[in-house]
Amino acid sequence: MSELLVLAHEEVKRLLPMEECIELMAEALADLARGLSWQPLRFVVRPPEDQSLMGLMPAHRSSPEPAYGLKAVCIFPGNPARGLDAHQGGVLLFDGETGELRALIDGSAVTSIRTAAVSAVATRALARPDSRVLAILGSGVQAQAHSEAMARVLPFDEARVWSRTAEHAQAFADDAGAPFPIEAVDSAEAAVRGADVVVTVTSAREPIVERRWLEPGAHVNAVGSSIPTARELDAATIADAALFVDRRESTVNESGEYLRAVEEKGIGPDHIRAELGEVLVGSHEGRRSDDELTVFVSLGLAVEDLAAAEYLYQRGRNEGAGAAVPF
Ligand code: NDP
């Protein structure tokens with residue numbers, strides 16, 4: 001009989017430190033660009049008349065060890081008011097030789113850590129190295145993870161945070177625990193003007209960032225909009241920017257930022273300069289000048305969850321963490 005390793009939320013946080021996850025995600029995205037991993041578009045179950053959804057995100061990786069992964073994630077926008085993460089679910093890891101189920105891993109912890117780690121990889125690759133001012137729009141789970149991740153890749157002097165609910169921005173500024181001071185400001189414009197790096201991590205449905213607020217040479221990680229009906233950046237920002245994405249196929253099918261800029265500004269797939277992994281392996285150019293505006297649109301990929309799950313499974317077994325269930 002084989003064993004199934006079950007890793008809960010706190011164990012995932014302990015076993016997947018941000019610093020290590022950043023390198024793991026850089027490798028996973030480079031491997032995607034090298035053709036060593038494969039994933040279809042995610043499948044979304046969206047009941048009519050309901051705010052919740054379930055996303056199914058399968059992937060396969062052939063090297064160094066073959067493995068299959070599947071994240072089943074439910075998004076319940078009302079959860080933060082209940083004191084729960086809006087993202088719930090699990091990542092399943094399957095043996096790539098036999099198909100046996102090896103691990104069940106808390107999906108909300110994996111999602112928060114790997115998403116911020118991917119933004120850190122994008123920031124390290126695309127932002128100006130002399131960036132010192134950070135703007136964070138949003139104050140939820142991803143805002144917290146991003147303040148930690150951004151600090152790992154650039155020596156920011158200061159950050160501003162704006163959130164729709166002013167008390168949430170203030171609480172975030174007071175409690176984030178970042179190695180730079182964070183000031184809560186009362187508008188998205190006040191956060192964005194003068195910032196070198198902007199992170200958008202909200203559930204906004206309409207733009208909260210206007211092109212004219214962004215400085216020459218700024219870098220934006222647009223993370224909050226991962227479905228066609230959501231967006232955080234106006235179309236002018238997408239149209240003016242050197243646009244980088246996690247995956248082209250996902251972007252042209254799933255990204256509200258991209259799809260609305262197609263409608264409003266007439267851009268097409270050739271406006272995407274590169275996938276982040278392509279920049280990492282050196283097959284495509286990144287930033288071209290210090291005054292270029294760069295935008296990274298993050299939708300979240302199944303190969304990221306698979307890479308995190310493989311790492312957690314190995315480390316969890318080595319350290320005797322979690323619960324091993326006969327299966
Ligand atoms: P939380 O629910 O923890 O936080 C949501 C944030 O969005 C809060 O700061 C809230 O502000 C703000 N917000 C909600 N509605 C609006 C609105 N209409 N206009 C402006 N701000 C709004 O969510 P997470 O931090 O977990 O996720 C944030 C976003 O990132 C979500 O949209 C999520 O789907 C997306 N995401 C993307 C991933 C990716 O891989 N790209 C992965 C995981 C999440 P306040 O509380 O102040 O009202």
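Helices are DSSP runs of at least four residues, and strands are DSSP runs of at least two, numbered from the N terminus. On that basis, Ala241 lies in the loop between helix H7 (235-240) and strand E13 (242-245). This is a predicted model. The protein chain holds eleven helices and 16 strands. Its radius of gyration is 19 Å, close to the 20 Å that the globule rule gives for 327 residues, so the chain is as compact as a globular protein of that length.

**Overall build**

- The C-alpha trace of the protein chain spans about 60 × 45 × 40 Å along its principal axes.
- Buried residues make up 54% of the 327 in the protein chain.
- Among contacts with a separation of 6 or more, 71% join residues 24 or more positions apart.

- Ala241 has 5% relative accessibility; buried means under 20%, so Ala241 counts as buried.
- Leaving aside residues up to four places away in sequence, Ala241 touches His271, Leu293 and Val295.
- Ala323 is 82 residues from Ala241 along the chain, and the C-alpha atoms of the two are separated by 47 Å.

**Helices H2 and H4**

- Two packed helices are described by the angle between their axes and the distance between the axes.
- Helix H2 covers residues 18-33, and helix H4 covers residues 141-153.
- H2 and H4 pack at an angle of about 75°, with their axes 10 Å apart.
- Angles of 65 to 115 degrees count as roughly perpendicular, and H2 and H4 are therefore roughly perpendicular to each other.
- On the H2 side, the contact is made by Met18, Glu19 and Ile22.
- On the H4 side, these residues meet Ala145, Glu148, Ala149, Arg152 and Val153.
- By class, the contact of H2 with H4 has five nonpolar and three charged residues, with no polar ones.

**Helix H11**

- Helix H11 runs over residues 302-318 and has 17 residues.
- From its first C-alpha to its last, H11 reaches 24 Å, close to the 24 Å expected at 1.5 Å a residue.
- Twelve of the 17 residues of H11 are buried, so H11 is largely enclosed by the rest of the structure.
- The buried residues of H11 include Ala302, Val303, Leu306, Leu312, Tyr313 and Gly316.
- Glu304, Asp305 and Glu310 are also among the buried residues of H11.
- Gly320 follows H11, and its phi is positive, near 65°.

Technical notes:
Residues numbered from 1 in each chain as written. Predicted model: local features only at pLDDT ≥ 70, side-chain atom pairs only at ≥ 80, totals over all residues. Heavy atoms only, no water. Axes fitted to C-alpha atoms, helices over the stretch in contact; angles between N-to-C directions. Parallel < 35°, antiparallel > 145°, perpendicular 65-115°, else oblique. Contact = heavy atoms within 4.5 Å. Nonpolar A, V, L, I, M, F, W, Y, C, P; charged D, E, K, R; others polar. Expected span 1.5 Å × (residues − 1). Buried < 20%, exposed > 50% of the residue type's maximum accessible area, 1.4 Å probe, protein only. Rg over C-alpha atoms; globule rule 2.2 N^0.38 Å.
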